[in-house]
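User: I'd like to walk through this model with you. Can we start with how you call charged contacts?
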Amino acid sequence: MSAWLPTAPCTPRACVEAPAAVTARAVPRAVLRLTGVVLLLLAGIALSPLGARIPASLIRRWCQWIVRAAGVRVRATGAAAPSGGLLLVANHISWLDVPLLAAVRPARMLAKTEVRRWPVAGPLAARGGTLFIDRDRLRSLPDTVARIARALREGSAVAAFPEGSTWCGRAQGTFRRAVFQAALDAGVPVQPVRIRYRLTGGTTTTAPAFVGDDTLLASLWRVATARGLVAEVEIRAPIPAGAHFDRRSLARSAQPQETAAPAWTHTVLVA
């Protein structure tokens, strides 16, 4: 198995909470939410040729609007991300993580090549300067790291999900080290971000998870029909350039330590 192909034990059947029965009233609301998300994505595609001329503040608001249009409230804590070259890293649970992370600071996303073929979101990602990686080709790893480092040296922010796979949110994977080598090579800080999904009462929920053989449409529908969904975005203190001299220790420092359940226990339970 390629190093670009880490896997999580999470599957929709084992991990994702069964959705409550959708009432007749909930269907129009869900359709309205999904329509709002699609319209915002189309607006983003239409404006993407403007590139760097779009103010960062507008991009942040647009990302927040996408999440809110899906019916999700956002609670963000922590300081603003610094300017200049920056590697943004976060745990990965849902497709919602992408606009949530971009709302922290607009950045070039690191994504698998399959994303390019997604309807609507794929063209938007390509026009937005996404750095695509071919995870099936291990030989492409050094070139990918070099491209990320080059973007960082040029003053761009690059956003990545170093777990390499989505988890359901009740456990997490280990941050892979390769992307942190790019930050070391470029001499830029790393900004760790922790993402959680809860219900209004504070209970952790797996409803937004996009795991295993789940389909994007099924995940979109779960989010759109959910009630009281809250995304918590914890912006941790940036790790300064030079604080770590190898990618292993840098990855460990950026890895969120708190978990609802140890990953190995979760693996056993869902196996």
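Analyst: A salt bridge is a side-chain nitrogen of Lys or Arg within 4 Å of a carboxyl oxygen of Asp or Glu. This is a predicted model, so local features need pLDDT of at least 70, side-chain atom pairs count only at pLDDT 80 or more, and totals for chains, interfaces and linings use all residues. Residues are numbered from 1 along each chain as its sequence is written, and side-chain values use heavy atoms, with hydrogens and water left out.

User: How many salt bridges by this rule?
Analyst: The count comes to 4.

User: What does Asp-143 pair with?
Analyst: Asp-143 meets Arg-147 in a salt bridge, 3.5 Å from N to O. Both sit in helix α6, residues 141-153, and they are 4 residues apart, so about one helical turn separates them. Helices here are DSSP runs of H or I with at least four residues, strands are runs of E with at least two, and both are numbered from the N terminus.

User: Asp-143 and Arg-147: what are the relative accessibilities?
Analyst: Asp-143 is partly exposed at 47%. Arg-147 is also partly exposed, at 23%. The cut-offs: buried is under 20% relative accessible area, exposed is over 50%, and partly exposed is in between (1.4 Å probe, protein chains only).

User: Which residue does Glu-234 bridge to?
Analyst: Arg-196, with the closest N and O atoms 3.5 Å apart. Glu-234 is in strand β7 (residues 229-235) and Arg-196 in strand β6 (residues 190-199), so the pair ties together parts 38 residues apart in sequence. Glu-234 is partly exposed at 27%. Arg-196 is buried at 18%.

User: And Arg-222 with Asp-214, what's the N to O distance?
Analyst: 2.6 Å, in a salt bridge between their side chains. Arg-222 is buried, with 10% relative accessibility. Asp-214 is buried too, at 13%.

User: Switching to strands. Which ones does β3 pair with?
Analyst: β3 (residues 108-112) pairs with β5 (residues 157-160) in the parallel sense, over 2 bridges. β3 also runs parallel to β4 (residues 131-133), joined by 3 bridges. Pairing needs at least two DSSP bridges between the strands.

User: Now α2. How many residues, and what reach?
Analyst: α2 has 22 residues and reaches 32 Å from first C-alpha to last, close to the 32 Å expected at 1.5 Å a residue. The expected span is 1.5 Å times one less than the number of residues.

User: Which α2 residues are buried?
Analyst: Ala-26, Ala-30, Arg-33, Val-37, Leu-40, Leu-41, Gly-44 and Ile-45. Down the axis of α2 they fall within an arc of 145°, so they line one face of the helix. That arc is taken from the directions from the helix axis to the C-beta atoms.

User: What's exposed on the other side?
Analyst: Pro-28, Leu-32, Leu-39 and Ala-46. Ala-43, also in α2, is partly exposed at 33%.

User: Last one. Which residues make the nonpolar surface patch?
Analyst: Val-22, Val-27, Val-31 and Trp-221, for about 290 Å². Val-22 is in the loop between α1 (12-15) and α2 (26-47), and is partly exposed at 38%. Patch residues have over 30% relative accessible area and no salt bridge; like charges are joined within 9 Å, and nonpolar side chains (Val, Leu, Ile, Met, Phe, Trp, Tyr) within 5 Å. Areas come from the Shrake-Rupley method with a 1.4 Å probe, and for residues only the protein chains shown count as cover.
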